[in-house]
Amino acid sequence: KELYAPGDKAELRVDAPFAGKATVIVVGNEVISSKTLDLTQGENAVDLEVTEDWRPGAYVMAFLHRPLDAKASRMPGRAIGLVHAQIDAAPHTLKVALSAPDKAPPRGTVRVPVKIGNLASGEKAHLVVAAVDVGILNLTNYKPPAPDEHYLGQRRLTTEIRDLYGQLIDGKAGRRGQIREGGDGDFSQRGAPKKIELVALYSGLVEVGQDGKATVAFDIPDYNGRLRLMAVAYDAQNVGWAEAGL
């Protein structure tokens with residue numbers, strides 16, 4: 001399943017390379033849950049309960065171990081599996097729409113209506129809107145702000161995994177290891193743009209009406225080009241964004 005909600009049952013499919021004892025751990029910013037079970041070689045099914053602690057998403061890790069078998073001349077074995085389980089962000093995402101005019105004359109005022117389609121009744125929301133020269137955005141490879149991805153999207157795994165190598169490696173046949181060092185790669189740099197009149201306008205914080213609507217006005221300077229409108233909206237529990245050309 002691609003998306004989950006608290007209360008769902010998540011069926012974890014584990015393809016074990018060998019039979020052994022497994023520890024299945026669910027982690028977010030910290031360890032959420034852990035269980036230990038026996039797995040057979042091949043495909044295994046493990047049921048997990050999705051809770052609120054999984055928000056905005058959680059990683060499920062499986063650690064499989066088998067002991068040393070001297071008679072079979074078999075070393076200790078360890079296998080690790082990792083998968084991400086994403087919580088559905090739609091219930092906490094505002095549907096923002098910008099109604100931008102096709103053209104905006106220079107040295108004039110342009111009004112941009114903004115609509116939040118799923119604002120709950122009685123909920124207070126705010127938004128900000130920016131109008132920026134497309135050339136500036138292209139020079140810096142700027143991406144429109146996406147708060148739903150930042151707050152509700154997949155996050156980097158921050159849990160450290162450490163092995164007790166003394167229990168995994170046969171020291172009798174071991175040899176002294178070698179330390180290898182490497183350096184960072186070169187960072188690509190872009191040259192500064194020429195000295196020109198830059199257009200980067202910002203609305204400041206705008207309160208959205210009870211009907212989910214607001215209008216933002218920009219005073220366009222003496223400018224000939226394309227602008228990119230970028231809006232970010234939020235209320236007490238939800239976020240959303242939209243973009244449009246001007």
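Among contacts between residues at least 6 apart in sequence, 71% join residues at least 24 apart. The model is a predicted one. The protein contains two helices and 15 strands. Of its 246 residues, 33% count as buried. The protein exposes about 16800 Å², and carbon and sulfur atoms supply 48% of this area.

Five strands form an open sheet with mixed pairing, in the order β1-β7-β6-β3-β4. Strands β1 and β4 (31-39) are the edge strands, each of them pairing on one side only. In general, the strands of a sheet pair through backbone hydrogen bonds, either parallel or antiparallel. Strand β1 (residues 3-4) runs parallel to strand β7 (residues 77-87), and two bridges join them. Within this pairing, the bridge partner of Leu 3 in β7 is Gln 86, while Tyr 4 stands opposite Ile 87 of β7. Strand β6 (residues 57-66) runs antiparallel to β7 and is joined to β7 by ten bridges. Met 61 stands opposite Leu 82 in β7. Strand β7 also holds Arg 78, which counts as partly exposed at 28% relative accessibility. The C-alpha atoms of Arg 78 and Pro 67 are separated by 9.0 Å, the two residues being eleven apart along the chain.

The interior was examined next. In soluble globular proteins, nonpolar side chains tend to be buried together. The largest nonpolar core of the model has 27 residues, and those with the most contacts inside it are Val 96, Leu 98, Ile 116, Leu 127 and Phe 218. The elements that give two or more residues to this core are β8 (96-98), β9 (108-116), β10 (125-133), β12 (206-208), β13 (213-220), β14 (227-234) and β15 (239-245). Apart from this core lies another, of 21 residues, which includes Leu 12, Phe 18, Ala 22 and Ile 87. Ile 87 is also the residue of β7 that Tyr 4 stands opposite.

Two residues illustrate the contacts made across the sequence. When neighbours within four places in sequence are left aside, Val 96 is in contact with Val 114, Lys 115, Ile 116, Ala 231, Ala 233, Gly 240, Trp 241 and Ala 242. Val 129 is found in strand β10 and is buried, with a relative accessible area of 1%. Not counting residues up to four places away in sequence, Val 129 touches Val 114, Leu 201, Tyr 202, Ser 203, Val 216, Phe 218, Met 230 and Ala 231. Val 129 and Leu 229 are 100 residues apart in sequence, yet their C-alpha atoms are 6.8 Å apart in space.

The count of salt bridges comes to six. One of them joins Arg 13 and Glu 43, with the closest N and O atoms 2.3 Å apart. Arg 13 lies in strand β2 (residues 9-16) and Glu 43 in strand β5 (residues 42-49), so this pair ties together parts that are 30 residues apart in sequence. Arg 13 is partly exposed, with a relative accessible area of 45%. Glu 43 has 57% relative accessibility and counts as exposed, because the cut-off for that class is over 50%.

Another salt bridge is formed by Glu 52 and Arg 55, the closest N and O atoms being 2.8 Å apart. Arg 55 counts as partly exposed at 33% relative accessibility. The side chains of Glu 243 and Arg 228 also meet in a salt bridge, at 3.9 Å from N to O. Since Glu 243 lies in strand β15 and Arg 228 in strand β14, the pair ties together parts that are 15 residues apart in sequence. Both residues of the pair count as partly exposed, with relative accessibility of 38% for Glu 243 and 28% for Arg 228. Salt bridges that share partners join Glu 11, Arg 13 and Glu 43 into one network.

Technical notes:
Residues are numbered from 1 along each chain as its sequence is written. This is a predicted model: local features need pLDDT of at least 70, side-chain atom pairs count only at pLDDT 80 or more; totals for chains, interfaces and linings use all residues. Side-chain values use heavy atoms; hydrogens and water are left out. A nonpolar core is a set of buried Ala, Val, Leu, Ile, Met, Phe, Trp, Tyr and Cys residues joined through side-chain atoms within 4.5 Å. Buried means under 20% relative accessible area, exposed over 50%, partly exposed in between (1.4 Å probe, protein chains only). Helices (H or I, at least four residues) and strands (E, at least two) are DSSP runs, numbered from the N terminus. Contact means heavy atoms within 4.5 Å. Accessible areas come from the Shrake-Rupley method with a 1.4 Å probe; for residues, only the protein chains shown count as cover. Two strands pair if DSSP finds at least two bridges between them. A salt bridge is a side-chain nitrogen of Lys or Arg within 4 Å of a carboxyl oxygen of Asp or Glu.
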